[in-house]
Amino acid sequence: MITAYAYKDRKLTIIELSIKDSIPPSIIWLDLYKPDEHEREWLSHFSVEDVPDEEDINEIEASARFYQNNDGLHINSLFPQRAGQDVKGVNVSFNLRKNFLLTIRDEDVGLIRLLRNYLRLGKIDATTPESLLLELFTLKVDYLSDLIEDVYTVLENVSEEVFKNEELDNVFKLITRQEDSNGKIRLSLLDTQRSLRFMQKHYRSKLSDDELKDLREMLSDIESLMPHSQFIFDKLNFLLDAAMGFSGLQQNKIIKIFSVAAVVFLPPTVIASSYGMNFVNMPELDWRFGYPMAIAMMFSSAAGTYFFFKRKGWL
């Protein structure tokens, strides 16, 4: 799907294009969502260099994610995306051209929808491709900050559950899920930092003073978010160690119960074994009170062992 956006006087005009159309001259943003081969071929007619495909967009090398060519500045950036309780990363290709911003993506990105709504409602003023890209990255940094706050909130609840809930399976799953989410958040922060620094270095001359100021503020915000992300990793490791230790204590209590039960019933077992021997010369076998005496000895030996353990504080 090819969508063109024209923005003037805080009014957004959305134009759906087909492969038979040309790129309107007044647009500031051209968005290709899940482009097929025909749409990529259509875009190649308006490009000097090759159009990046899905494999190019997902490359992790810096030279493949941040570069300049005859079509302008290229940035492949990782955007966080909520997927239920998890967080996943979606790569989006940005191409800053002379007159418009080109985005190519194979998945829906909530922040792009949010930017489109803000433009439609006139909440932001982006009259140039550069300002449009910076506004999107501003939304991204704010969203990453919100995700970190969400992880903080979840960890506060997990901290209470570790020592209250004896069934720790859900706690372990929750800690693992938050560790994965925080890892993706940190990866997205680092990727955003690299993208903005590349833009600051290679596109400085085309940015206004206000745009450069916004870019520096975003880099400063990312620097301030990094320690929070590291703290979450440390907190997660602590909670994981605490949960594993508490789980070990619970297992030791169970083993302790079985051990005490085995020791308590050992004297009665010895007595029962003694009187279970069928030797001829056993006086108690012919005694009228032999059986009650054996039962009483077994109960008293078990009770004596139990109270001995209780007095020592081992129970």
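## Strand β5 and its burial

In this predicted model, strand β5 spans residues 72-83 and is mostly covered, with 10 of its 12 residues buried. The strand pairs with β4 and with β6.

## Pairing with β4

Strand β4, residues 66-69, runs antiparallel to β5, and 4 bridges join the two. Within this pairing, phenylalanine 66 has isoleucine 75 of β5 as its bridge partner. The two strands form a hairpin, with 2 residues between β4 and β5.

## Pairing with β6

Strand β6 covers residues 86-96 and pairs with β5 over 11 bridges, again in the antiparallel sense. Opposite lysine 88 of β6 stands glutamine 81. A hairpin is formed here too, with 2 residues between β5 and β6; in this hairpin glycine 84 adopts a positive phi near 70 degrees.

## Negative surface patch

A patch of negative charge on the surface gathers Asp142, Asp146, Glu149, Asp209, Asp210, Asp214, Glu217 and Asp221. The elements giving two or more residues to this patch are α5, residues 129-164, and α7, residues 209-264. Helix α7 supplies the largest share, 5 residues.

Aspartate 209, one of the patch members, lies in helix α7. Is this residue buried or exposed? Aspartate 209 has a relative accessible area of 65%, and is therefore classed as exposed, the cut-off for that class being over 50%.

Technical notes
Residues are numbered from 1 along each chain as its sequence is written. This is a predicted model: local features need pLDDT of at least 70, side-chain atom pairs count only at pLDDT 80 or more; totals for chains, interfaces and linings use all residues. Side-chain values use heavy atoms; hydrogens and water are left out. Patches are made of residues with over 30% relative accessible area and no salt bridge: like charges are joined within 9 Å, nonpolar side chains (Val, Leu, Ile, Met, Phe, Trp, Tyr) within 5 Å. Accessible areas come from the Shrake-Rupley method with a 1.4 Å probe; for residues, only the protein chains shown count as cover. A salt bridge is a side-chain nitrogen of Lys or Arg within 4 Å of a carboxyl oxygen of Asp or Glu. Lys and Arg count as positive and Asp and Glu as negative; His and the chain ends are not counted. The place of a charge is taken as NZ of Lys, CZ of Arg, CG of Asp or CD of Glu. Buried means under 20% relative accessible area, exposed over 50%, partly exposed in between (1.4 Å probe, protein chains only). Two strands pair if DSSP finds at least two bridges between them.
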